[in-house]
Amino acid sequence: MKVVYSDVLVVGGGLSGLRAAIAATKRGHDAVVLSLVPAKRSHSAAAQGGMQASLAAAFKSRGDNEDVHFADTVKGSDWGCDQDVARMFANTAPKAIRELSTWGVPWSRVRSGDREVVVNAERVTITEPADAHGLITARDFGGTKKWRTCFTADGTGHTMLYAMDNKAIELQIPVHERKEALALIHDGGTCHGAIVRDLVSGELVAYVSKATVIATGGYGRIYAVSTNAIICEGMGAAIALETGVAPLGNMEAVQFHPTAIVPAGILTTEGCRGDGGLLRDVEGHRFMPDYEPEKKELASRDVVSRRMTEHMRKGMGVPSPYGDHLWLDITLLGKAHIDKNLREVKEICQHFLGIDPVNDYIPVRPTQHYSMGGVRTRPTGESPGLRGLFSVGEAACWDMHGFNRLGGNSVAETVVAGMIVGEYVADYCDGAVVDLQTSLIQGFLDRERGRIDGLMARDRGENAWELRDAMERIMMEKVGIFRSQEPLDQAVEELTALHRRSRNLVCRNRVRSANPELEACLRVPRMLKLALCVAKGAQARTESRGAHAREDYPERNDRDWLKRTLARWPTDDDDQPTLEYETLDIMKMELPPGSRGYGKDQTIHHPDTARRVAEIDALSAQQLDRFELQQRLNPIELPERLRGKNERVGIGYE
Amino acid sequence: MSSPRKLKLNVLRYDPRKEGDEPRMVTYELDEAPSMTIFIALNEIRRKQDSSLKFDFVCRAGICGSCGMVINGRPDLACRTLTSQFEDGEITLLPLPAFELIGDLSVDTGKFMRAMSERVESWIHDEEAERRELTVLEEPMDPDTADRIYELDRCIECGCCISACGTARMRPAFLGAAGFMRVARFEADPRDKRTAEGWYDLLGDDDGIFGCMSLMGCEDHCPKDLPHQNRIAYMRRKLVQSR
Ligand SMILES: Cc1cc2nc3c(=O)[nH]c(=O)nc-3n(C[C@H](O)[C@H](O)[C@H](O)COP(=O)(O)OP(=O)(O)OC[C@H]3O[C@@H](n4cnc5c(N)ncnc54)[C@H](O)[C@@H]3O)c2cc1C
Ligand code: SF4
Ligand code: SF4
Ligand code: FES
């Protein structure tokens, strides 16, 4: 039995995993990072548009601060998020971006003086203030009050991930590439590491650690068309689920991005609309102002995606061999702007569509994009079900996004969560002693080896890729942007049947070393479990909140549904997950539920809302300064190193 | 609709871990679909014809650098190569040379690039940096400088430049164009306090910039169009001056 020991095992080498590993390393704990691919190829590299942080340097960003960022995030989540976490996040984001600046990210900077920008389809001149010259600038993104999304052209994720991985290399953090965690080692109460398969040699190795951090990204690939990288298969969440004790949170909260190209599903960043791009229909008409006169193209993502779908249902889509689509028009931004700030978008258009977005409209359609759900954690990042198990980034349901995340808030979450949770991981390691029976490790190793033996021994059985195709189609057709009872019932039933069939998979290629078919055979049953968590969660939630839109229950129902779904898979013999709920306490909210300001407000309110509003009004009347007010309303804890007010140009630490 | 064109993919097959296996070319035929990329074609072959076929894709959008391979003689990104651009419908695929072969079209660029990063110390060298308070305003930077760094930071470590470089293929210790580009990126960054001498120690020999024969295979094959020629010439001048 081969065993690798470390203090911290980080499963995932994207932004969040690397940042957590760096935090633990700096505190003197040795960390090992696992990744399916070289760390710099993780999906974080694909983020284009930017990272939100309330630096308030640029002209259109002035007046921004943590409070505004917090409020945008909570509204964006349709009040589904954990407000403690959203607060911890908003207060730390400026520190995260400044740290990345010292680590080498070439953030685009403010240039003082006049410049032309496109706002609401018109060219306007704004004057960037002299005192901000050379500070980090920001662009507009959907659902934000201020221009808050910091960027490097449209290669933000790339520059962030390269800076982060370079930092990890400087600190000599080992990244074990082409390794796949197959199962967590645990005793029902504490997590002790993972069983890992080497994707080249096929060897199974036990990685034993005091703390284990799941940072494996999202589960977008359970859908047939997704903007996600093909490795975003949710395996980290799945192995947590398979412990039977660690719950997943809000798995039904799945985001669709308005502008992925048709048919490839590759993303064109929200920065296109943030910088002034428009959406047009088959007649060339700009339709978003008809639906959302105030925010137009820059309404929150879930809203824009639904409006686009509605508009296509009215027959206003552009027909194509791949179904209807709409147009994204960035021609009005001009060549100079596109060549400089949207060049990845331009390359994508050239290579995959054979068009030049300087002159041509881009065919787009709402497409699966982001997984709000994931491994449920406390604000410290630790699982409520398994000690020593932590999770960060898109894999986690730390829960700052609730039912809809704002553009630019995800890469921001990855680094902020990595910083914060990394400290709590280090605290945990300070106090942890490894007390572990080798028989426990051997048991998990044997179980995984047994699964592989079973796949190889069978003479006939199911084909993993066929089951996967069927699952992807069900998710697209029945658990998509608009949902309702009947299709969801069918989805749950059909996925349950597929999952049963997946117990009888066969791997025709009987090679133990590098073997893509074996990888699929090991992943598909787990993906089906995740798909069932999504579908069953959606079926049960008889309301509409954020990205979860029920046509048969169009209202947000705070009275009955202001709660987080928790999914568990108690035993391997189960056919479906078990759902439980965690109530969100309005009386503890800094920002009680209200209207997001889109369309007609149909909220069914909770009786506590009015009480909490009154409480807050009374407190606000006392004219406390904003820090004191926040402390009273939402007293959060942050690791020592991350406390402290953030400086802003012109106003200092106000 | 007219019936689709038949594509012929000639793929190098070899599994170094399988006893007795020998490198060989295998031809697969399949129907071309509209907007088909090599990514889509290879996946279809794997699903329908040979489940053991090995290759690497991650982003499938030309962003992550995983899918470098030799496509009809040219190192390039397979995910953003449309099959329609090959007039006779015949495509020959080989793994990138100069990297350790994992199997078929999959090579280990990760190990190579991490070693490159360690060798050129691919991080900001600034003793003050770690002591900076995160609560205070960031150091201002000239906006043009920031843009210039970004231009040089766009390398996606795909390895095409290494495979296209005669020197790199002959001499495994040669740093290669991706390494030069990384040095150029940090050299352009005022936050990095390394001096000309520091760069000389990293680059000033035949495994470094003086081993480069300036044939520009790198520039011709870099999918991100990085300015190899310009930066190699610049650094060579600079290093010569520094001595
Ligand atoms: C096209 C696109 C554009 C985006 N643009 C933006 C943007 O502009 N702004 C923004 O805020 N957000 C954006 N996002 C979202 C954001 O990029 C991601 O949510 C974020 O980068 C996820 O980072 P992560 O560290 O959680 O995971 P990832 O970067 O996905 O990393 C996951 C890691 O886990 C590893 N892994 C997975 N499974 C296993 C396993 N079983 N064993 C071992 N290792 C494993 C992988 O190898 C990888 O290293 C975008 C997303 C997409 C799809
Ligand atoms: S110029 Fe030629 S020798 Fe020099 S790095 Fe480029 S390809 Fe290699
Ligand atoms: S320099 Fe260009 S060709 Fe070389 S690794 Fe980087 S992106 Fe690829
Ligand atoms: S798969 Fe990422 S560049 Fe081709």
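**Ligands and a helix**

A: The shell around ligand 3 divides into 9 nonpolar, 2 polar and 1 charged residues (Ala, Val, Leu, Ile, Met, Phe, Trp, Tyr, Cys and Pro count as nonpolar, Asp, Glu, Lys and Arg as charged, and the others, Gly among them, as polar). This is a predicted model, in which local features need pLDDT of at least 70 and side-chain atom pairs count only at pLDDT 80 or more, while totals for chains, interfaces and linings use all residues. Residues are numbered from 1 along each chain as written, chains are lettered from A and ligands numbered from 1 in written order, and side-chain values use heavy atoms, without hydrogens and water.

Q: Thanks! Which residues are around ligand 3?
A: Among them are B:C155, B:C158, B:C160, B:C161, B:C222 and B:H228; to be listed, a residue needs a heavy atom within 4 Å of the ligand.

Q: And which residues come nearest to ligand 1?
A: Of the 39 residues around ligand 1, those are A:S42, A:H43, A:S44, A:E394 and A:S410. The shell has 14 nonpolar, 21 polar and 4 charged residues, and α11(A) gives the largest share, 4 residues.

Q: What polar side-chain atom lies 2.5 Å from an oxygen atom of ligand 1?
A: One belonging to A:S44. A:R405 has a polar side-chain atom 3.4 Å from a nitrogen atom of the ligand, and a polar backbone atom of A:G408 is 3.4 Å from one of the ligand's oxygen atoms. The protein buries 98% of the 1,000 Å² that ligand 1 exposes when taken alone (Shrake-Rupley areas, 1.4 Å probe).

Q: Switching to chain B, which residues of helix α2 are buried?
A: In α2 (residues 109-119), they are B:T109, B:G110, B:M113, B:R114, B:M116 and B:S117. Buried means under 20% relative accessible area, exposed over 50%, and partly exposed in between, with a 1.4 Å probe and protein chains only. Helices are DSSP runs of H or I, at least four residues, and strands are E runs of at least two, numbered from the N terminus.

Q: Why are they on the same side of α2(B)?
A: Because they cover an arc of only 160° around the axis, taken from the directions from the axis to the C-beta atoms.

Q: What do they pack against?
A: α4 (156-170) and β7 (175-177) of chain A, together with β7 (106-108) and α6 (177-187) of chain B; contact means heavy atoms within 4.5 Å.

Notes
A polar contact is a pair of N or O atoms within 3.5 Å; within protein, one must be able to donate a hydrogen and the other to accept it, and residues adjacent in sequence count only if both atoms are side-chain atoms.
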